[in-house]
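Biologist: I should like to learn how to read the features of a structure, one at a time. May we look at it together?

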Amino acid sequence: MEGPKAAKKRKITDKTIPNVILQNPDFAQDSRMYQDLLEMERKLDWTMMRKRSEIQDALTRNPSTTRTLRLFLSHTVSGQLWQGGGDITANFETGEGIPAWQFRLEGRLLEPHNQRTRDKTPQRKFSTMIKRMIIELDRDPSLYPEGNIVEWPRASGHHNPVLDGFTVRRTGDAPTKLRVILYLDHYPEQLKVVGELSNILGIKSESRIGAIQALWNYIKVNNLQDKSDRRLIRADDRLRPIFGGEHVFFQQLPELVNRFLAQPDPILLHYTINPAIQPPERPQAWDVEIKMEDLSLKNRMAAMVVQTKESTQTLTKMDDEIALLAQSLHNSHLKKTFLESFARDPAKFIQTWLESQSRDLESVLGSGPSEGMTVRQEELKRSEFFRLPWVEEAVSIQEGMRLAAKDTYLPPMQLGKLRQWAGEVILSRDKTTLSEEFQELERDIELRKDGATKLLAASEAYQYTLAKKKKNDSFEDSEKLLPVDSLGIVMVAHGGEFGDDSAYGDVVMSLRASLVKLGGAHRKIAALQEAFALTLKDTFLSSLEKYTGEIKDYETQRKKLESRRLSYDVAVTKFEKIKNGKKDKEKREAEEEMEKARDR
């Protein structure tokens, strides 16, 4: 334990200035400018917060961009007659001297023209940008049984690593035509828009969400949404064949769009290899567009959301300085008002101030003119009155009488603690204080206790809601089930009631399959929900209960520490009273008692 320390200063956050200063003509212009700055700061903070939330929302949708993928097609030859001067001996065991050719397909993304150097991202491998590749060779299978179709499906794993290009090697000296079929891996996945929907929207390929958004934009531009029932979409002359009627509901739009979406056409490239002549020095190049995730934009947006430590510290320091200046201005105004009031009429000011202090004192003591004054008015104006020796004794006797009325025995040591407490509260007597670090620990534990108690109550209510089971009147089973499980059982049972030979054909079969699948999904959700409720109870709730129990143990030990502090202060007070006396025996006993209390 340590001696008394100064209390930690409270952080000032109020930046407003008093209304009296705002209304003062001498400071009218400056006050108005300051208020305008505060208003601008609030608007700027709101705008930045809103924009930051918009950016965070955009980051969850993964922005995409269109990039140019350049494909390079080339070939080399070996063992040809024109390479060996017309005299080449073939070694069929080692493969040397056998006429052959190699076809090479490579791809590389072109950098955007307006991209900054710091926004550049690592180049992706060519194989990560295609889903599937097929190379067809136009050769006679009877002469070349090696296989005239080469197929590469992308798959994950060490056996299929990412590549910058592909090489196909075949033997032969006859001219060969190749057809390369590429299925690009777009992000988001691109689909082909077919039929009337393509003509109406003016798009040939788009993602599923993009096609739905394009149709919705067409509906809004042409004002096709019903004004009374906003869920209803009216059909115009162009949409009527697609809707199959005069109107559809909004939730049917995705299903309608899916009918006009098909797999996109692949990229077709043709290439001819003539081993009898020198291969071209430069490869053929083809540019195709591919949609992919915009990593540079995503990184820039993420950098805008993150606040640096230096900027945060600078802003906090400036806010603290402004708050201190505003508080200083407020204190100066109070001092000015105090001095002006005192200068106008000192006697009246002192009288008014004493009356105010007297009223406050009466409120604290619970006495007043209506209840009968027990203390003279003049004595209430003197603070020395409350430092008289009999006040501490009176408080101790009153507290002892209250405990005696409850048949509570008060030992001498407890009576000494009571007097010490009364001296600290009433007479502002010095007491042994805890260190500032321990006080900070107590405040932190109190904050944790309040949060843990609220979190435990909310979590128990949440777990009870998840795990609560009820009986369902939809079936005769008396077992209690989760509501979502009951719904799934009813769906599966009702779906099984439809026969395979229904007169309504595919409609009923589709409804039956949908009910069975949806019911099964609900039953899986119920199983997961029940497992989650049990896991929540066994892990999170049990940890919270253990945590709150530890806090209660700490509070018990803290009460014991406070009791021992009072004992120590009683011993110190007793020793201070008799240390100048003549009885050495009492001084030794008091000193021993103080040492024991300190050791405890």
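Biologist: Does Asp226 count as buried or exposed?

Modeller: First, some conventions. Residues are numbered from 1 along each chain as its sequence is written, and side-chain values use heavy atoms, with hydrogens and water left out. This is a predicted model, in which local features need pLDDT of at least 70 and side-chain atom pairs count only at pLDDT 80 or more, while totals for chains, interfaces and linings use all residues. As for burial, a residue is buried under 20% relative accessible area, exposed over 50%, and partly exposed in between, with a 1.4 Å probe and protein chains only. Asp226 counts as buried because its relative accessibility is 10%.

Biologist: Where is Asp226 found, and what does its side chain reach?

Modeller: Asp226 is in the loop between H4 and E9. Such labels denote DSSP runs numbered from the N terminus: helices (H or I, at least four residues) and strands (E, at least two). A polar contact is a pair of N or O atoms within 3.5 Å; within protein, one must be able to donate a hydrogen and the other to accept it, and residues adjacent in sequence count only if both atoms are side-chain atoms. The side chains of Asp226 and Ser228 are joined by such a contact of 2.5 Å. The side chain of Asp226 also reaches the backbone nitrogen of Asp229, at 2.8 Å. Contact in general means heavy atoms within 4.5 Å; leaving aside residues up to four places away in sequence, Asp226 touches Leu232 and Arg234.

Biologist: Which residue in that loop has a positive phi?

Modeller: Asn223, also in the loop between H4 and E9, has a phi near 55°, a positive value in a residue other than glycine. Asn223 is exposed, with a relative accessible area of 52%.

Biologist: How does one check the length of helix H4?

Modeller: The expected span of a helix is 1.5 Å times one less than its number of residues. The 14 residues of H4 should therefore span 20 Å, and its end C-alpha atoms are 20 Å apart, which agrees. Helix H14 (residues 483-496) also has 14 residues, and reaches 20 Å from its first C-alpha to its last, close to the 20 Å expected.

Biologist: Which residues of H4 are buried, and what covers them?

Modeller: An α-helix has 3.6 residues a turn, so residues three or four places apart point the same way. In H4, the buried residues are Gly210, Ala211, Leu215, Trp216, Tyr218 and Ile219. Their cover includes helix H3 (195-201), E8, strand E9 (232-234), helix H6 (253-258) and E11.

Biologist: Which residues have the most contacts inside the largest nonpolar core?

Modeller: In soluble globular proteins, nonpolar side chains tend to be buried together. A nonpolar core is a set of buried Ala, Val, Leu, Ile, Met, Phe, Trp, Tyr and Cys residues joined through side-chain atoms within 4.5 Å. The largest has 28 residues, and Leu69, Phe103 and Ile135 have the most contacts inside it. Among the elements that give two or more residues to this core are strand E1 (64-78), strand E2 (100-109) and strand E5 (165-171). A second, separate core of 23 residues includes Val193, Leu215, Val248 and Phe260.

Biologist: How many bridges join E1 to E2?

Modeller: E1 and E2 run antiparallel and are joined by 10 bridges, with Ser74 opposite Arg104 in E2. E2 and E5 also pair in the antiparallel sense, over 7 bridges, and Arg104 stands opposite Thr167 in E5.

Methods: Two strands pair if DSSP finds at least two bridges between them.
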